[in-house]
Amino acid sequence: VLNSGMRVVSPLTVSHAGVPHVTVAYPVRGGNDTLIGVLVYYVDPQRLQDAFGLSLLPAGSVVTLSEMNGRVLARSLDSEAYVGQELGVYFRDVSDPPREYDDVDGVRRMVGQAMVEDGSWLVTVGMPVSIASDRAVSLWLRTVPVFLFVLGGWMVIALVFSRRLTRSLAHLDGAAQRIASGDFSPISQQRMATREFAELQHAFRSMLQRFNETRAAL
């Protein structure tokens, strides 16, 4: 800090007591902008891990805070096994879109990274790829009964309508055959399945009525 006049962030350091920490030092300037001292404080990665534990992510997800070279400062899962290790970085450019990786614990995750400029650190968030398939299966299991219910309802409606349509068609066909055989008695009126069939039945009745009236007149 005395040489550069700027803030300095140290790599992960382990104290004599075995406690890992990161040292952050800031310059303290006087009234005429002269450097009169240095403010030093220590960041305990365990506190960061506790904060990561509160993240609202799906089960199996992991949040990792690491240095630019990939050395782990804090990790939300199995922190004791990975803090201080150099696991490497997932992306050469942190602006790259998320990708699938086989993580160090053997779980395949969709991983994204972002840079913490204030500390020159990387935040890595990984969510298990299996979450997508599990949720898709769950959604499918919820959707299938609804689909079957709707499909069954439509089949019932189609069946009822087709039966009404068949009865209407059979009634008009019988009337046509009866007329063709020389039977000109009035057609019994029935409820038709569609308006077109109802109009056709009315046309048959009107035709027979006019025919019978003309024949009686002759």
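The accessible surface of the protein comes to about 14,800 Å², and carbon and sulfur atoms account for 61% of that area. The model is a predicted one. Of the 218 residues in the protein, 24% are buried. The overall dimensions were examined next. Along the principal axes, the C-alpha trace spans about 130 × 45 × 30 Å. The radius of gyration is 41 Å, whereas a compact globule of 218 residues would have a value near 17 Å. Among contacts between residues at least 6 apart in sequence, 38% join residues at least 24 apart.

The secondary structure consists of four helices and eight strands. Read from the N terminus, the order of the elements is β-β-β-α-β-β-α-β-β-β-α-α. Three of the strands form an open sheet, in which the order is β1-β2-β3 and the pairing is antiparallel. The edges of this sheet are β1 (8–14) and β3 (35–43), each of which pairs on one side only. From one strand to the next, the twist averages 25 degrees. Strand β2 covers residues 20–29 and is joined to β3 by eight bridges, the two strands running antiparallel. Within β2 and β3, P27 stands opposite V38, the latter being in β3.

A further strand, β8, comprises residues 121–128 and contains M127. The relative accessibility of M127 is 35%; a residue is called buried under 20% and exposed over 50%, so M127 counts as partly exposed. Leaving aside residues up to four places away in sequence, M127 touches L57, P58, S61, R108, R109 and M110. The separation between M127 and V107 was also computed: these residues are 20 residues apart in sequence, and their C-alpha atoms are 9.3 Å apart in space.

Helix α4 is formed by residues 195–217, 23 residues in all. Several residues of α4 are buried, namely F197, Q201, F204, S206 and L208. The cover over the buried residues of α4 includes helix α3, which takes in residues 130–180.

Key. Residues numbered from 1 in each chain as written. Predicted model: local features only at pLDDT ≥ 70, side-chain atom pairs only at ≥ 80, totals over all residues. Heavy atoms only, no water. Expected span 1.5 Å × (residues − 1). Buried < 20%, exposed > 50% of the residue type's maximum accessible area, 1.4 Å probe, protein only. Contact = heavy atoms within 4.5 Å. Pairing = 2+ DSSP bridges. Axes fitted to C-alpha atoms, helices over the stretch in contact; angles between N-to-C directions. Rg over C-alpha atoms; globule rule 2.2 N^0.38 Å. Areas by Shrake-Rupley, 256 points an atom, 1.4 Å probe, with all protein chains shown as cover.
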